[in-house]
Amino acid sequence: MQVLGDLVAQARDRDGVLFRSPERSTPYSYSDFATNAWKGGNLLRHYGVRHGTRVAVVVGPKEPTDEDQPGYLRDGPDALLAFLAAALDGAVVDMDPPNAVDATALIAPAAWLDRYTQGPGTKGLAYGGPVDDPTIAQFERELWSENPLQPPGEVAPEDNVLAADRTYTHGELMAESSRVVADYDIGAETTVALRAPMTTAGAIVAGLLAPMRAGATVVFGGDETGDIAVADGDAPEETVVRPDDTTPS
């Protein structure tokens with residue numbers, strides 16, 4: 001596996017649960033998540049997302065409260081789905097965008113969209129809601145009816161995919177995810193508790209790509225203790241993966 005699309009294709013044929021949260025009524029299976037990532041890639045293409053374009057994704061819950069902060073998951077992995085969907089199209093994704101967004105698409109919780117000034121060519125898509133602005137597309141609703149096939153186009157390992165402290169390629173993220181799986185002995189029976197903001201390359205690698213590579217289950221948004229935690233600070237798990245330690249060099 002050399003590009004993020006390879007992980008998604010593998011997940012399409014996997015059994016088991018990828019994401020679990022006490023605020024979600026049913027666990028999110030590998031197969032369903034991969035199919036929705038394909039749908040998301042096809043959806044974003046309708047709004048001009050192509051190889052080399054920029055996409056901004058704001059990580060948060062569907063229905064943020066005053067206590068929620070951008071970067072943290074609570075009730076659903078919509079932002080991670082959007083990240084992979086854009087990656088399938090060959091886009092470069094910023095998971096911690098500035099308030100002034102100059103990108104082909106901005107994907108964010110509906111309640112937070114007004115925090116961001118969109119460029120004249122930026123298409124806003126919201127998850128959660130409701131969405132009152134007719135110029136904003138509702139990500140989940142449009143995803144529902146989209147084509148569930150792998151998006152067209154070729155993506156290479158040397159193509160850029162994540163804009164963070166620097167720009168990272170597919171190949172760099174995939175290689176680091178393989179190392180993390182081996183170093184922390186992550187397998188299909190492992191549960192990974194996600195306690196860090198999903199805004200950095202290290203968090204994306206340890207909290208999403210490595211678990212997907214191994215077939216593990218990612219838990220977030222509750223008190224469940226995992227076998228491993230991805231965290232910046234204290235965590236109840238005996239084994240804690242620090243995103244700074246899983247950032248590609």
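**Ground rules**

I call a residue buried under 20% relative accessible area, exposed over 50%, and partly exposed in between, with a 1.4 Å probe and protein chains only. This is a predicted model, so I keep in mind that local features need pLDDT of at least 70, that side-chain atom pairs count only at pLDDT 80 or more, and that totals for chains, interfaces and linings use all residues. Residues are numbered from 1 along each chain as its sequence is written, and side-chain values use heavy atoms, with hydrogens and water left out.

**Entry 1**

I started with Asp 185, which counts as exposed because its relative accessibility is 66%. Asp 185 sits in the loop between α5 and β12; helices (H or I, at least four residues) and strands (E, at least two) are DSSP runs, numbered from the N terminus. Its phi is near 55°, a positive value in a residue other than glycine.

Then I went back to α5 itself. Helix α5 covers residues 170-183, 14 residues in total, and reaches 20 Å from first C-alpha to last, close to the 20 Å expected at 1.5 Å a residue. The expected span here is 1.5 Å times one less than the number of residues.

Which residues of α5 are buried? I noted His 170, Leu 173, Met 174, Glu 176, Ser 177, Val 180 and Val 181. They cover an arc of only 165° around the axis, which puts them on the same side of α5; the arc is that of the directions from the helix axis to the C-beta atoms. Their cover includes α1 (4-12), α3 (78-88), β10 (160-163), β11 (167-169) and α6 (201-214).

**Entry 2: α2**

Helix α2 has 17 residues and reaches 25 Å from its first C-alpha to its last, close to the 24 Å expected at 1.5 Å a residue. I find 14 of the 17 residues of α2 buried, so the helix is largely enclosed by the rest of the structure. Just after α2, Gly 48 takes a positive phi of about 95°.

**Entry 3: empty space**

Rolling a probe the size of a water molecule over the atoms shows where empty space is left. On a 1 Å grid over the protein atoms alone, a cavity is a set of points where a 1.4 Å probe fits but cannot get out, a pocket is an open set with protein on both sides within 12 Å along at least five of seven lines, and lining residues have an atom within 4 Å of a point. Grid points are joined across faces, edges and corners, and a volume is the space filled by probe spheres set on the points.

I get 1 cavity of 30 Å³ or more. The largest cavity has a volume of about 40 Å³, and its lining includes Val 57, Val 58, Val 59, Met 95, Tyr 116 and Thr 199. By class that lining has 7 nonpolar, 2 polar and 1 charged residues. For classes, Ala, Val, Leu, Ile, Met, Phe, Trp, Tyr, Cys and Pro count as nonpolar, Asp, Glu, Lys and Arg as charged, and the others, Gly among them, as polar.

The largest pocket comes to about 310 Å³. Of its 16 lining residues, Tyr 72, Leu 73, Leu 194, Gly 221 and Gly 222 are the closest to its centre.

The elements that give two or more residues to its lining are α2 (30-46), α3 and α4 (139-144), and the largest share, 3 residues, comes from α4. Its lining divides into 5 nonpolar, 1 polar and 5 charged.

**Entry 4: loops**

Pro 61 lies in the loop between β3 (54-57) and α3. Is Pro 61 buried or exposed? Pro 61 is buried, at a relative accessible area of 1%. Setting aside neighbours within four places in sequence, I see Pro 61 in contact (heavy atoms within 4.5 Å) with Asp 68, Tyr 72, Arg 74, Asp 75, Pro 109, Trp 112 and Tyr 127.

Ala 196, in the loop between β12 (191-194) and α6, counts as buried at 3% relative accessibility. Beyond four places in sequence, Ala 196 touches Gly 71, Tyr 72, Val 230, Ala 231, Asp 232 and Pro 243.

Asp 165, in the loop between β10 and β11, is exposed, with a relative accessible area of 65%.

Last one: a cis peptide bond joins Gly 129 and Pro 130, with omega about 10°. Pro 130 lies in the loop between β8 (123-127) and β9 (137-138).
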